[in-house]
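Hi,

Here is the structure I promised to pass on. Please load it first, then read my notes below.

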Amino acid sequence: MSTSTSTSASTTQTAAPARSFLRWRIVDIVVASVIGVAAGLIFLAWNVGYLGPKALLEPLLPGIQGLLDGPWLFAGVLGGLIIRKAGAAIYVELLAAVVSALIGNQWGGFLTLEAGLVQGLGAELIFLLFFYRRWSLPVAILAGAGAALAGGINNLVLWYAGSGPAFTIIYLVSTVISGAVIAGALSWVLARGIAATGALDRFGSGREARVRV
């Protein structure tokens with residue numbers, strides 16, 4: 001009886017951490033919300049700031065404006081890297097889109113929310129692919145690229161319908177590069193920097209950073 005009980009307890013303890021990525025705590029929701037709102041304010045700034053670079057890039061090579069998409073894609077990747085819970089990438093990216101839509105932008109409320117959902121899903125699927133257990137730089141880069149690819153295809157359908165093969169290829173390659181570098185690599189650097197301050201000690205990302213130090 002004692003052996004059976006011990007084995008059962010051991011199995012429960014082993015299974016609990018495996019399912020921990022499914023259980024959101026209050027602190028997870030609060031921090032994810034803070035990240036989402038802050039990212040939404042950055043989205044708002046970039047909604048205007050990207051217009052200058054876009055006007056310079058478009059005449060050079062149609063489709064290369066995809067290089068400017070990265071700042072709209074980082075929220076989900078950063079949220080996923082910090083919170084490390086299933087759904088974090090979608091939640092943070094969508095919340096950032098909600099902030100952008102509520103304050104107002106040139107694309108309209110519904111399409112902004114739809115874009116946020118699609119981009120967040122692109123990043124979320126990469127984290128899911130690694131079973132929410134790998135948070136390395138390569139995984140972050142892949143998540144950024146995933147968000148960019150999903151968002152890029154969405155943009156081609158909604159905003160660039162009827163574009164030729166050359167534009168489509170150039171745009172997708174450009175946006176994936178931007179997503180991988182800005183939304184992926186830079187978000188990973190930012191997450192490590194925040195964790196190093198001790199602000200994330202209640203998260204796996206923060207404890208991992210303290211162990212490295």
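The largest pocket has a volume of about 500 Å³. Bear in mind that this is a predicted model. The lining of that pocket counts 27 residues. Nearest the pocket centre are W72, W107, Q119, N155 and W159. By class, the lining splits into 13 nonpolar, 11 polar and three charged residues.

Which helices supply the lining? At least two residues each come from α2 (26-49), α5 (88-103), α6 (109-129), α7 and α8. The most come from α6, which gives five.

Now the helix packing, starting with α5 and α6. Their axes come within 7 Å and cross at roughly 160°. That angle makes α5 roughly antiparallel to α6, because angles over 145 degrees count as such. The crossing of α5 and α6 is right-handed. On the α5 side, the contact includes I90, E93, L94 and V98. On the α6 side, it includes L113, L117, Q119, E124 and F127. This contact has 12 nonpolar, six polar and two charged residues.

Next, α7 (residues 137-158) and α8 (residues 165-196). These two pack at an angle of about 145°, with axes 7 Å apart. The crossing of α7 and α8 is right-handed. From α7, the contact takes in L137, I141, L149, I153, N155 and L156, among others. From α8, F167, Y171, L172, V176 and W188 are among the partners. How many charged residues are in the contact of α7 with α8? There are no charged residues, against 16 nonpolar and seven polar.

Two residues link the topics. Q119 is in the α5–α6 contact and N155 in the α7–α8 contact; both are listed nearest the pocket centre.

Best wishes

Key: Residues are numbered from 1 along each chain as its sequence is written. This is a predicted model: local features need pLDDT of at least 70, side-chain atom pairs count only at pLDDT 80 or more; totals for chains, interfaces and linings use all residues. Side-chain values use heavy atoms; hydrogens and water are left out. Axes are lines fitted to C-alpha atoms, for helices over the stretch in contact, and angles run from 0 to 180 degrees between N-to-C directions. Helices (H or I, at least four residues) and strands (E, at least two) are DSSP runs, numbered from the N terminus. A crossing is left-handed if the near helix is turned anticlockwise from the far one by less than a right angle, and right-handed if clockwise. Contact means heavy atoms within 4.5 Å. Ala, Val, Leu, Ile, Met, Phe, Trp, Tyr, Cys and Pro count as nonpolar, Asp, Glu, Lys and Arg as charged, and the others, Gly among them, as polar. On a 1 Å grid over the protein atoms alone, a cavity is a set of points where a 1.4 Å probe fits but cannot get out, and a pocket is an open set with protein on both sides within 12 Å along at least five of seven lines; lining residues have an atom within 4 Å of a point. Grid points are joined across faces, edges and corners, and a volume is the space filled by probe spheres set on the points. Angles under 35 degrees count as roughly parallel, over 145 as roughly antiparallel, 65 to 115 as roughly perpendicular and the rest as oblique.
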